[in-house]
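Work through the exercises below with the sequence and the model in view. Each task is followed by a solution in steps.

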Amino acid sequence: MIVSQRARALFKVFAIALAVAVPLVVSASSADARGGRGMSIGSRGSRTFAPPPVTRTAPNAAQPMQRTITPNTPAAANPAANAANRGGFFNRGGLLGGLAAGFLGAGLFGLLFGGGLFSGLGGLSSVFGLLLQLALIYFVARLAMSWWANRNAPSYANSAPPPSPNAGQSHARTGFGFGTSGGSAPLEITPADYETFERRLGEVQDAWSNEDMDRLHTLATPEMVSYLSQDLAANASRGVVNKVTDVKLLQGDLAEAWREGPADYATVAMRFSLVDKTMDRASGRVVEGSDAAQEVTEIWTFVRRPGSDWELSAIQQTN
């Protein structure tokens, strides 16, 4: 009898939890019906699995990619940590690292077998002489390494200059303004590029709403087009169509911009408003969403290859 009462109590708790969870799932799906489905999708080159720097527009970290064709290698997942692991005086490759490690090893070997740290080096004068030689080798190696790094460094564009006093006026008609952030930007991003990013936001959502695959192919990478086409096919199988209208960019700033081989990448955070609703194809009845505008913050990455304009290559949500 007691067991039966406990079972009924547990069943009631489960039923209440299910009743609460189902509306949450439904509301989440209706709120994320726009292009990209409110997911983190696409590729950012070698930085696909490295979170972009936070900005004033998107102060929370970006969510990791949920759909991407880029392999998740350890170097791609955390390039900063791998760079740090390669650092350190004794982790350096080449002549300098070998000498430092050998010197330390010789000293430890002497300690282990009863001598001093500098045993076998011929007295104090020999120790000072060795240190002087190591210092000379260190500076010569540093000069050689610096020359080699400069010789093989990629040809980055100049860093983006600070916004001019009238930079905000050029976007005043749309309410869009890019602020300076702490993000890495070794590639110069011009006001014309910012205007293209703003325009792409509306163009991608418009092509998505009209299910215009030809237009999407001119605005996004093949990878992004494949994800969008799969989502459009899913809508068609449900007998619905998603319409995103009144897209207005409210605020945006640059997270990072860089060159990777022949391709340029730029990641921007954008806060925008839109009307997002899903309708029955046959009757036109609204089944998800409404005519009320909502605000969304997403991080978009664009890629530009020689001979082409900026294309959307990734969309990421924020935590």
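**Exercise 1.** Find the strand that holds aspartate 276, and decide whether this residue is buried or exposed.

*Solution.* Step 1: aspartate 276 is in strand β4, where strands (E, at least two residues) and helices (H or I, at least four) are DSSP runs, numbered from the N terminus. Step 2: the relative accessibility of aspartate 276 is 2%, so it counts as buried; buried means under 20% relative accessible area, exposed over 50% and partly exposed in between, with a 1.4 Å probe and protein chains only. Step 3: the side chain of aspartate 276 has a polar contact with the side chain of asparagine 242, at 2.8 Å. A polar contact is a pair of N or O atoms within 3.5 Å; within protein, one must be able to donate a hydrogen and the other to accept it, and residues adjacent in sequence count only if both atoms are side-chain atoms. Step 4: serine 209 is 67 residues away along the chain, and its C-alpha atom is 9.7 Å from that of aspartate 276.

A note on the values: this is a predicted model, in which local features need pLDDT of at least 70 and side-chain atom pairs count only at pLDDT 80 or more, while totals for chains, interfaces and linings use all residues. Residues are numbered from 1 along each chain as its sequence is written, and side-chain values use heavy atoms, with hydrogens and water left out.

**Exercise 2.** Describe how strand β4 is enclosed and which strands pair with it.

*Solution.* Step 2: strand β3 (residues 240-260) runs antiparallel to β4, and 17 bridges join them; two strands pair if DSSP finds at least two bridges between them. Aspartate 253 is opposite alanine 269 of β4. Two residues separate β3 and β4 in a hairpin, and glycine 261 in the turn has a positive phi of about 65°. Step 3: strand β6 (residues 294-304) pairs with β4 in the antiparallel sense over 11 bridges, with methionine 270 opposite glutamate 298 in β6. Step 4: strand β5 (residues 286-289) also pairs antiparallel with β4, over three bridges. Lysine 277 has glycine 289 in β5 as its bridge partner.

**Exercise 3.** State where threonine 301 lies and which residues it contacts.

*Solution.* Step 1: threonine 301 belongs to strand β6. Step 2: its relative accessible area is 0%, so threonine 301 is buried. Step 3: leaving aside neighbours within four places in sequence, threonine 301 has contacts (heavy atoms within 4.5 Å) with residues including Arg44, Tyr265, Glu311 and Ala314.

**Exercise 4.** Count the aromatic pairs and describe the one formed by phenylalanine 197 and phenylalanine 302.

*Solution.* Step 1: rings of Phe, Tyr and Trp (its six-membered ring) pair if their centres lie within 6.5 Å; planes under 30 degrees apart count as stacked, over 60 as edge-to-face and the rest as tilted. By this rule there are five aromatic pairs. Step 2: the ring centres of phenylalanine 197 and phenylalanine 302 are 4.7 Å apart and the planes are at 15°, so this pair is stacked. Step 3: phenylalanine 197 is in helix α6 (residues 191-209) and phenylalanine 302 in strand β6, so the pair ties together parts 105 residues apart in sequence. Step 4: tryptophan 258 and tyrosine 265 form a stacked pair, 5.1 Å centre to centre with 10° between the planes, and both residues are buried.
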